[in-house]
Amino acid sequence: MNQAELHRLLALKGQKKKGVSSSKSLFEQRLATNLSLIKTQFFSLYQEKEHRTYFFTLLSKLESLFKDRPANLKKQDIARLNSGNWYQSEQIVGMQMYVDRFNKDINGLKEKLSYFEDLGVNFLHLMPITTRPEGENDGGYAVNSYHEIDPKYGTKKDFSVFTKEARENNMFLMLDFVVNHTSDEFEWAQKAKAGDLHYQNYYYTYSDRHIPDEFEKTLPEIFPQSAPGNFTYNAEMEKWVMTCFNNYQWDLNYRNPEVFIEMLGNLMALANLGVDVIRFDALAFLWKKLGALSQNLPEAHTLISLFRMCLQVIAPGVILLAEAIVAPRNIIKYFGEDIAEGNECEVAYNASLMALLWNSIATKKASLMVKSVTEIPSKPNDATWINYIRCHDDIGLGYDDDFVRAMSYNPTAHKQFILNYYCGKLEWSPAKGLMFMYNPKNGDGRITGSTASLLGLETALEQNNKNIIDYAITKILMMHGIILTYGGIPMIYAGDEIGTLNDYSYEQNEDQVNDNRWVNRPMQNWDIVSKLKKEKDSSSTIIFKGLKNMIRLRKKHSVFADNNDIIVHGCPNEHVFVYQRTFEDKSVWILSNFNEVTETLNIGWLLSIGIHTGINSIDLLTGKSFELIHDDLTLKPYEQLWIKNI
Ligand code: GLC
């Protein structure tokens, strides 16, 4: 039983005893429930004698933050608690977008609520909308404020009108909490630059290169091409400051308890904008230690859980998403382990599945994916994934080398093959992607590009080849079919629902040209959307309609709720990915052929995993039963079936 469950019990008890349990006393009960954990975690991070007083500062901060939580959101917290693990429901389908690139601003977004409804999307991840520096700002991930809305998006009023309307449309909202760093224009950074030592201690600042050089011995580089190294010299301050990401993103020093307490206030300011899920950005980097990689450190986990425990006291209805794009075995840890199991983040990006899907497309085989997802420990019952194919970032090839070796591949050569496949180095590959941050020191590189271009649609359209166009469309739908059925919240990247290709205009923009992730951050093409009904045979229409149908089917079948029940079958045909989703006595089997030729599965094997054949089962996608040819089920290139026994 995790802490959330205890809070659910408290809320229920409070409701039964009407009148007795005012919201204030509910707060006190919640605090009492989490207090010993909060204390343990706080003092495990902040062990110095002089840190003691900050614990009392934290306690009074919790009280004042609760007081400031708007009454309607306090009510919503209780409603969310009562609805249990709502985030595991099959009814939720997400979309991620840059508000300005989607439809100009917050009011523009509001105008598109009917677009989401038509497609079946009811969960939005809005990327940063708060103030940021002019010019380069990492798409808003360099923050000047955690709660002041950037005028280019609108006003706070616009946002509150939007959230109200969104909520009336049963829409869930997610915003980013850029927890690892602020911009170099943030008020603390400005004070630090002006020489205020108090605020210099909010960041990792050093007068000479001694400690930075020590750090550099083990810290990896995140943007080795555009922002090499992990420190930036600030002439105003006459000091070096830690900047693991871009040189204008200053890493916060959580070794200072004041930083944690202030950031808790910022977290609440964001939560009070009326969001349901908070995306903890780059949270693997939160704690830095000399001599260490400084990613996924135990202290980072403690800190995240401490944020979680405090947030739960103030706003138990708000949940956390871990943006930990790290090795498969490390991702699972963000759900919390041991005493913190279920007490860290409720949701995490399924970055492993995402990277493995791209691997399966390039190798045309599902075997590495099957091995990896079956051998990694499963997540806790209360947790769920965000399943996705693409997002605004690059694709990192985070495979477990042991599993790659088990496939008889050499990990370095294999990575190089995947990079070559997607980044235009293999003549026969239809993929059109770009190499991101290639590091000649270790041969590491990542991939950028839109789903459609990486899956060959751009090449196919250029060649005007109907067959290849069809293959690309089928691949796009097959990949989406997996994220919609795998178990978790599917997150569609805006534009992918209409097969948007790479956008090369970033090359002409001086604020973007050094960061080719902009190739997969296109403006939403409303012209294409307006033609979806008329142009019945266009690739966009086929993709949109196919996706809409799959979303409808997901919501219709309760097997697709995430009850931690997925069974991934080791299929005798290495090109076919097969898994089963169940609820009570019902099952649906998802079969996906990653090969460019027809593949077969024998009736004996299908029966062994529980699939009836002949007229006793149907493919939900077409509503038809499937035919066997000589006791074999055939799957056309990139074909996907959602099989249900009847
Ligand atoms: C996350 C964001 C990415 C950003 C980085 C630094 O990884 O997804 O876009 O560059 O954090 O904030």
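Phe577 stands opposite Ser592 in strand S18, where two strands count as paired if DSSP finds at least two bridges between them. The strands and helices named here are DSSP runs numbered from the N terminus, with helices (H or I) of at least four residues and strands (E) of at least two. This is a predicted model, in which local features need pLDDT of at least 70 and side-chain atom pairs count only at pLDDT 80 or more, while totals for chains, interfaces and linings use all residues. Residues are numbered from 1 along each chain as its sequence is written, and side-chain values use heavy atoms, with hydrogens and water left out.

Strand S17 (residues 576–583) and S18 run antiparallel and are joined by eight bridges. In the hairpin that they form, two residues lie between the strands, and Glu584 takes a positive phi near 50 degrees. Strand S18 (residues 586–593) is mostly covered, with seven of its eight residues buried; buried means under 20% relative accessible area, exposed means over 50%, and partly exposed lies in between, using a 1.4 Å probe and protein chains only. S18 is also joined to S23 by five bridges, again in the antiparallel sense, and here Ile590 stands opposite Trp642 in S23.

A further set of three strands forms an open sheet in the order S19-S22-S21, with antiparallel pairing. Its edge strands are S19 (599–602) and S21 (628–629), each of which pairs on one side only. Four bridges hold the antiparallel pair of S19 and S22, and within that pair the bridge partner of Asn602 is Asp632 in S22.

Elsewhere the pairing is parallel. Strands of a sheet pair through backbone hydrogen bonds, either parallel or antiparallel. A closed barrel of eight strands runs S1-S2-S3-S9-S10-S11-S12-S15, with parallel pairing, and the twist averages 25 degrees from one strand to the next. Helix H13 (residues 298–314) packs on the sheet, touching S3, strand S9 (277–280) and strand S10 (319–322), and its direction makes about 160 degrees with that of S10. Such angles run from 0 to 180 degrees between N-to-C directions, with axes being lines fitted to C-alpha atoms, for helices over the stretch in contact, and contact means heavy atoms within 4.5 Å.

The loop between strand S15 (489–493) and helix H22 (526–530) contains Ile498, which is buried, with a relative accessible area of 2%. Leaving aside neighbours within four places in sequence, Ile498 is in contact with several residues, among them Tyr115, Gln524, Val529 and Phe544. The C-alpha atoms of Ile498 and Val529 are separated by 7.5 Å, although the two are 31 residues apart along the chain. Arg405, by contrast, lies in helix H17 (residues 401–406) and counts as partly exposed at 46% relative accessibility.

On a 1 Å grid over the protein atoms alone, a cavity is a set of points where a 1.4 Å probe fits but cannot get out, whereas a pocket is an open set with protein on both sides within 12 Å along at least five of seven lines, and lining residues have an atom within 4 Å of a point. Grid points are joined across faces, edges and corners, and a volume is the space filled by probe spheres set on the points.

By this rule there are five cavities of 30 Å³ or more. The largest cavity has a volume of about 120 Å³, and of the 14 residues that line it, the closest to its centre are Ala4, Arg8, Leu81, Pro316 and Ile319. Helix H1 (3–16), helix H4 (71–82) and H13 each supply at least two residues of this lining. The second largest cavity has a volume of about 90 Å³, and its lining includes Leu126, Asp176 and Leu273.

The second largest pocket has a volume of about 830 Å³. Of the 26 residues that line this pocket, the closest to its centre are Asp619, Thr622, Lys636, Glu639 and Gln640. Two or more lining residues come from each of helix H21 (466–485), helix H23 (539–556), strand S22 (632–635) and strand S23 (640–645), and H21 gives the largest share, six residues.
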